[in-house]
Amino acid sequence: MCLVHIRAVVVLGILLLLASAQRTVAQRQRHRDPCRLLTDAEVRAVQGQTPAQKIPSEQPAGAFRFTQCFYRTQELSSSVSVALGVPLTEDKRSGPRDYWRAQFKRGEREEREESDEKKNEPRRVAGLGDEAFWVGDPVTGALYVLRGEVFLRVSVGGPPAQAEKIKRAKALALYALKRLDMGGLPNRSR
């Protein structure tokens with residue numbers, strides 16, 4: 001084979017690798033779009049209403065990317081919010097997992113007043129991701145699920161009973177986790 005043909009094959013191979021890598025990144029980003037983690041049918045099955053609108057947003061989060069989708073139903077009180085905390089870079093040593101440790105690991109959280117601590121103490125929820133916690137009071141709250149280096153937050157409207165909200169948030173989180181492409185991130189348990 002002549003030198004020109006060898007170079008052409010090498011260049012073609014590099015271009016194919018780059019195209020594949022870009023497609024993989026695009027697929028990973030699409031699966032990390034919180035507006036694609038739940039179907040209308042899944043929201044309807046859990047909340048009793050189909051989303052009339054999906055409203056995406058992104059909030060600054062410092063060391064990680066925090067994207068959110070508000071699944072707005074006709075009756076606003078039955079709406080759902082799904083958010084993702086994902087690393088900004090491939091360096092997975094900081095970001096969402098650090099945030100998780102600060103929020104949910106007792107020894108690493110800042111000291112709070114005892115009354116606030118008891119009222120808002122995270123409640124462990126079994127059977128989801130690496131770890132999961134419900135945070136809230138009887139009126140409002142959210143389910144946080146850590147899986148690898150990404151965390152998911154699900155908040156549901158509806159009946160005021162906290163146990164029912166946790167049940168609904170857990171059902172929606174299970175749907176979302178099935179679609180959440182971890183992009184080869186390790187699934188570490190802590």
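Biologist: What should I know about the numbering and the model before I start?

Modeller: Residues are numbered from 1 along each chain as its sequence is written, and side-chain values use heavy atoms, with hydrogens and water left out. This is a predicted model, where local features need pLDDT of at least 70, side-chain atom pairs count only at pLDDT 80 or more, and totals for chains, interfaces and linings use all residues.

Biologist: How many helices and strands does the protein chain have?

Modeller: Helices (H or I, at least four residues) and strands (E, at least two) are DSSP runs, numbered from the N terminus. Here there are 5 helices and 7 strands. Read from the N terminus, their order is α-α-β-β-β-α-α-β-β-β-β-α.

Biologist: What share of the protein chain is buried?

Modeller: Buried means under 20% relative accessible area, exposed over 50%, and partly exposed in between (1.4 Å probe, protein chains only). Of the 190 residues in the protein chain, 37% are buried. The accessible surface comes to about 10900 Å². Carbon and sulfur atoms hold 55% of that surface. Such areas come from the Shrake-Rupley method with a 1.4 Å probe; for residues, only the protein chains shown count as cover.

Biologist: What share of the contacts joins residues 24 or more positions apart?

Modeller: Contact means heavy atoms within 4.5 Å. Take the contacts with a separation of 6 or more: residues 24 or more positions apart account for 54% of them.

Biologist: Which cysteines does the disulfide join?

Modeller: A disulfide is a pair of cysteine sulfur atoms within 2.5 Å. The structure holds 1. Cys35 is joined to Cys69, S to S 2.1 Å. Cys35 sits in the loop between helix 1 (3-31) and helix 2, and Cys69 in strand 2 (residues 64-73), so the pair ties together parts 34 residues apart in sequence. The torsion about the S-S bond is about 100°, so this disulfide is right-handed.

Biologist: Are Cys35 and Cys69 buried or exposed?

Modeller: Cys35 counts as buried at 12% relative accessibility. Cys69 is buried too, at 0%.

Biologist: How many salt bridges does the structure hold?

Modeller: A salt bridge is a side-chain nitrogen of Lys or Arg within 4 Å of a carboxyl oxygen of Asp or Glu. The structure holds 9. One of them pairs Lys54 with Asp40, with the closest N and O atoms 3.4 Å apart. Lys54 lies in strand 1 (residues 51-60) and Asp40 in helix 2 (residues 40-47), so this pair links parts 14 residues apart in sequence. Lys54 is partly exposed at 33% relative accessible area. Asp40 is partly exposed at 31%.

Biologist: Which residue forms a salt bridge with Glu131?

Modeller: Arg124 does, with the closest N and O atoms 3.4 Å apart. Glu131 counts as buried, at 4% relative accessibility. Arg124 counts as exposed, at 55%. Elsewhere, salt bridges that share partners join Arg97, Asp130 and Glu149 into one network.

Biologist: What does the side chain of Glu42 reach?

Modeller: A polar contact is a pair of N or O atoms within 3.5 Å; within protein, one must be able to donate a hydrogen and the other to accept it, and residues adjacent in sequence count only if both atoms are side-chain atoms. Glu42 lies in helix 2. Its side chain reaches the backbone nitrogen of Thr39 at 2.9 Å. Glu42 counts as buried, at 11% relative accessibility. Neighbours within four places aside, Glu42 contacts Leu37, Leu172, Tyr175 and Arg179.

Biologist: How many residues does the largest nonpolar core have?

Modeller: A nonpolar core is a set of buried Ala, Val, Leu, Ile, Met, Phe, Trp, Tyr and Cys residues joined through side-chain atoms within 4.5 Å. The largest has 28 residues. Among those with the most contacts inside it are Leu38, Val80 and Val145. Helix 5 (162-179) is one of the elements that each supply at least two residues. Its share, 6 residues, is the largest.

Biologist: What does Val145 touch?

Modeller: Leaving aside neighbours within four places in sequence, its contacts include Trp100, Leu128, Leu152 and Leu177. A second, separate core of 10 residues includes Trp100, Phe104, Ala142 and Leu146.
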